[in-house]
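Here is a short tour of one protein model. Begin with the structure, then follow the text from element to element.

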Amino acid sequence: VESQSDHPLATAITRDAKKHLGSSQNPPNALDIKSLTGRGVTATIAGETVWIGKLEMFGSDDVPALDAATIFAVEKLRENGRTTMVVRHGQRDLGTIGLMDTPRPAARRVIARIHELGVTRMMMISGDNHRVANAIARDLGLDEAFGDLMPDDKVAKIRALREQGGVAMVGDGVNDAPAMANADVGIAMGAAGSDVALETADVALMADNLDTLPFAVGLSRATHRNIRQNLWVSLGVVAILIPATLFGLGIGPAIFLHEGSTLIVVANALRLLAYKDTELSSRPGD
């Protein structure tokens, strides 16, 4: 079932399952695969239904409830900071898979860098268990974490945060897309992101490299400064030329000055092509 999903957790499960089972094992075909948004996935194997997903999926919406031993196993794994997925086939609970979200080596450095840029409140909104989300947030140096959120809950959280100020949302999955669409700025991690996330985002980082995030923040601020400078130059020249022509400035010199200001604006904008990461720490309050 998981081999037919492009979710990062499904990829991890498929990879390790093949390693433990050996390449000689050929799993049966999974049919009628359906994604249960924010909860898990269901399919049919050998005429019986398979459910794979979080604890909260079971016992609701016609999904069979789990036995006490499986629930106990899930809680123990969650206490140790694991993201859990229960596997049920027909009438049997086959087991629980515990996954640890391992932060990338660059994650702590990038978060610290974004803090240096003047972003004072950084948080995680996740569909994972709240305890797991809190553990990861503390490890990475994030300010807050919110877990157990369905896609609709993420949208509600983003809307609530927007009432307190501007919000940028970074995501890469299908479940992140609605929240990204409701943020002031949606940022998709391009190389690792789903097509839906890429289509929804305002900014797509086309490399699977977290260092591009503070770079994008710094570049956007430099671009904003550049636009303001160009507006002052272009409008300032027009403000001077209008009264100057009324008081006798010839059309030739006026055109020369106007076109000269255009060249200045273009040259100033072209400076952004030389933008370097070293500029990220400049003017964090912009």
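The model is predicted. Start with helix 8, residues 212–246. Its 35 residues reach 51 Å from the first C-alpha to the last. That is close to the 51 Å expected at 1.5 Å a residue.

Part of this helix is buried. The buried residues include L213, P214, V217 and G218, and also R221, R225, N226 and N230. V237 and L241 are buried too. These buried residues of helix 8 pack against the elements below.

| Packing partner of helix 8 | Residues |
|---|---|
| Helix 3 | 107–116 |
| Strand 8 | 168–171 |
| Strand 9 | 185–189 |
| Strand 10 | 203–205 |
| Helix 9 | 251–270 |

Now look just past the helix. G248 takes a positive phi of about 110° there. F247 is found in the loop between helix 8 and helix 9. Is F247 buried or exposed? F247 counts as exposed because its relative accessibility is 75%, and exposed means over 50%.

The largest nonpolar core has 19 residues. Of these, M124, L140 and L142 touch the most other members. Helix 3, helix 4 and strand 9 each give two or more residues to this core. Helix 4, residues 130–140, gives the most, with five residues. L142 touches I111, M122, M123, M124 and A137, leaving out residues up to four places away in sequence. Another core, of 13 residues, lies apart from the largest one. Among its members are A30, A43, V87 and L99.

Notes:
Residues numbered from 1 in each chain as written. Predicted model: local features only at pLDDT ≥ 70, side-chain atom pairs only at ≥ 80, totals over all residues. Heavy atoms only, no water. Helix = DSSP H or I, 4+ residues; strand = E, 2+ residues; numbered from the N terminus. Expected span 1.5 Å × (residues − 1). Buried < 20%, exposed > 50% of the residue type's maximum accessible area, 1.4 Å probe, protein only. Contact = heavy atoms within 4.5 Å. Core = buried A, V, L, I, M, F, W, Y, C linked by side-chain atoms within 4.5 Å.
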